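Please look over the sequence and the model below before reading on. The paragraphs that follow go through selected parts of the chains.

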There are 2 protein chains.
Amino acid sequence: MAQHRVVVIGGGFGGLQAVAKLRRAAVDITLIDRRNFHLFQPLTYQVATGALSPGEIAYPLRAIFKRDKNVRVLMAEVAGFDLEARAVRIEPVEAALPPSTVPYDTLIVAGGSRYSYFGHDEWESFAPEVKSLESALAARSRILEAFEAAELDDDADRRRRRLTFMVVGAGPTGVEIAGQIAELTRDTLRRDFRAVDPRDGRVLLIEAADRVLGTFPPSLSRKAERALEHLGATVLLNRTVVGIDADGVAIKGADDSVERIAGDTVIWAAGVNASALATQLAELTGAELDRAGRVTVEPDLTLPGHPEVLALGDMIRKRETTGEATPFPGVAPVAMQQGRYAAKVVRDRLRGRPVKPFRYRDKGNLATIGRARAVADINGLRLSGVFAWFIWLTVHLFYLVGFQNRVLVFIRWSVSFATHGRGARLITGAPSDEVTRASGR
Amino acid sequence: MAQHRVVVIGGGFGGLQAVAKLRRAAVDITLIDRRNFHLFQPLTYQVATGALSPGEIAYPLRAIFKRDKNVRVLMAEVAGFDLEARAVRIEPVEAALPPSTVPYDTLIVAGGSRYSYFGHDEWESFAPEVKSLESALAARSRILEAFEAAELDDDADRRRRRLTFMVVGAGPTGVEIAGQIAELTRDTLRRDFRAVDPRDGRVLLIEAADRVLGTFPPSLSRKAERALEHLGATVLLNRTVVGIDADGVAIKGADDSVERIAGDTVIWAAGVNASALATQLAELTGAELDRAGRVTVEPDLTLPGHPEVLALGDMIRKRETTGEATPFPGVAPVAMQQGRYAAKVVRDRLRGRPVKPFRYRDKGNLATIGRARAVADINGLRLSGVFAWFIWLTVHLFYLVGFQNRVLVFIRWSVSFATHGRGARLITGAPSDEVTRASGR
């Protein structure tokens, strides 16, 4: 039968919630994603430090909805929208296929965001981000190869440069990966090398603002800074990165003086830009677009003049009834709440019920800083230390998709905690392993 | 103090055993490998089918020997040998470093083997092997993308070609991966798609000999064939692959007639060639070299005229006292026994003890064919079915390096068994995920 057709773009936190809350409804759902898996991005940085394997924080989208006959998953690129004809233009990721269109009655766009290099795309090759699996694996290889190269290097200056790790951006991801790299140097790899002492490694966390974790209360920012220093990381505040190349980073201080820091390994955890789909939607609907490329949606997350098109997550700002547009923090709970809201909008409309504007319920903020340390701000309740770390641990395990992944990650973390190890620190993706090492079969 | 210096090349099954059995001796050990991890190759094919993640069958070499101060691990390429000066020339994998040499008193070369495309290297890009992690991940993406493309394709002929999977070579690896792909089509992915039925998929196992598992007793070969057919795979015997390209495979039958089979996905599991290091050693010592590139060593695994140089594993044949040279089966136990033997040779010599020739104790042969089925030949005792599968399971878990990996793989297998799923079926390494899907941080 011809049911109401809902097309959801993006299998991240927002899109996944939208589909999950609609699958029991009398609608036909098409979920479109360029990847065939849902990625638990808050933990992707742990792939970069060898704490976790890709397969443990990603789960196949098809497996999630295999039992929902009214849910169809398409692995494809979104090429554009035809809002008048109510159709999405897609290009199969697999090139050998012609583009096609997917018609909808309701469209939910959850395109997310990507790291932006402040218009310096040339920096990307020197400073991988840790938001996509491939980039996180590249970062992992960079970090570990730096130690390997230092072990083989007899030049003291070069060794120092190889063992200098810089993280750009002190949001939760930057703070967490800086803490983990510091742990690698001070703890995990302590006994692994003979020529170099990993403890000679320097970890610099570079932030333009005057404190780390800008979205947290200042008191917790200070606690996080102290925790990082305690792990052996150096926090450089009020420093703007003005250049990144093979030799290292150039940073501008508050006094406009530019300082160069030599280092082989740079990890990018600074600002994000909205998905390019936001720009397309703004151009098609005349909606406002902000500097970060986010499209401004109505209080009910619909596009102006297009109540049948909703957008959510990192790619939007919401217009308040007062008129001005407010962005949301770029965290998973925002996208999940908006995804559930979008599903409710569809269900309520089908039932002819009125729809209330979206309201974000801030459940709080969490960030972990290495082993058994974290900061938490839960409805004004400010926690730090082991207890906050426990909350962080529980929340992240709980929201991991797939029972198997929860168990696997729990075991990885337990073993890492017990052995101070990182089981998954493999250097892969290297020029493919022509001569394999051992007699397998 | 200046101790006896042992250099071991290769951190596979053979090299790892050699180092493990020498680390308590009064020797300085240098382990050289191009990769920073030990790979459990007998299970690498399960990475290709999404049953396991790379981090679960590989373990960092440094982590294994972190507590052995007399063991040094170098991540480097072996460029060559200077047998007179008793030194190994290495080139750091990280290009920015100059080549250097590592001196030895005893050299143990365990370079292993690689898949050979019968002199048709151009086939490799169409038919990935599943012996190295990178290639196994490439194979995984090929297999899964074939289903994704079929789901988006409305041309029946093209769909049929996309869902045709061919495995070349019916040794244990070929048999096992053909069985797992058949399970993907018949079982794991049964409910995952809406437009296509994965059960329409064809899995062809192509073998030049007149039976599968040529190293097993014929009765078990027949059992394995029946098990494969039962899973829905088609076994093509007495067929030689004479061509592989983007359209599929060309095979020559016993009657010299050439048949073309159209299919998008081809997995290579045919013959192997010894590491190029074997050729170098043969040229330097005048030792015999066979067609598979294996160097002939003395009964005590030493190179002729060079008692201080031992070679082992897939890269050697052994000269019998009678004169003729015999190869060993290319399985892990051979390399492990020879690695332990090489260590014993070094220890006995240091103690001035006589050294007995190496003798391989064949503990038997194992191969699994999909869910709860396997064949085992243990000292003439022939088993098949669930019990053989249980032995296969136990043995493989037991020999996995790293307690953590044993637990993780056990859980993966248990969940796969219970849910008929494959949790790690992620398509990665794709053109990097520019616009990420969801709001992470």
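Contact here means heavy atoms within 4.5 Å. The model is predicted, so local features need pLDDT of at least 70 and side-chain atom pairs count only at pLDDT 80 or more, while totals for chains, interfaces and linings use all residues. Residues are numbered from 1 along each chain as its sequence is written, chains are lettered from A and ligands numbered from 1 in the order in which they are written, and side-chain values use heavy atoms, with hydrogens and water left out.

Leaving aside neighbours within four places in sequence, B:Asp192 is in contact with A:Arg62, A:Ala63, A:Lys66 and B:Arg425. B:Asp192 sits in the loop between helix H7 (172-188) and strand S11 (202-206) of chain B; helices (H or I, at least four residues) and strands (E, at least two) are DSSP runs, numbered from the N terminus. With 3% relative accessibility, B:Asp192 counts as buried, where buried means under 20% relative accessible area, exposed over 50% and partly exposed in between (1.4 Å probe, protein chains only). The side chains of B:Asp192 and B:Arg425 make a polar contact at 2.5 Å. A polar contact is a pair of N or O atoms within 3.5 Å; within protein, one must be able to donate a hydrogen and the other to accept it, and residues adjacent in sequence count only if both atoms are side-chain atoms.

Helix H9 (residues 276-285) of chain B has B:Leu277, B:Ala278, B:Leu281, B:Ala282 and B:Thr285 buried. These residues cover an arc of only 140 degrees around the axis, which puts them on the same side of H9(B); the arc is that of the directions from the helix axis to the C-beta atoms. After H9(B) comes B:Gly286, with a positive phi near 75 degrees.

Next come the aromatic rings. Over all chains, the whole structure holds 25 aromatic pairs. Rings of Phe, Tyr and Trp (its six-membered ring) pair if their centres lie within 6.5 Å; planes under 30 degrees apart count as stacked, over 60 as edge-to-face and the rest as tilted. A:Phe328 and A:Phe358 form an edge-to-face pair, 5.8 Å centre to centre with 75 degrees between the planes. Both are buried. A:Trp392 and A:Trp413 form a tilted pair, with 5.3 Å between centres and 35 degrees between planes. A:Trp392 lies in helix H11 (residues 386-399) and A:Trp413 in helix H12 (residues 403-419) of chain A, so the pair ties together parts that are 21 residues apart in sequence.
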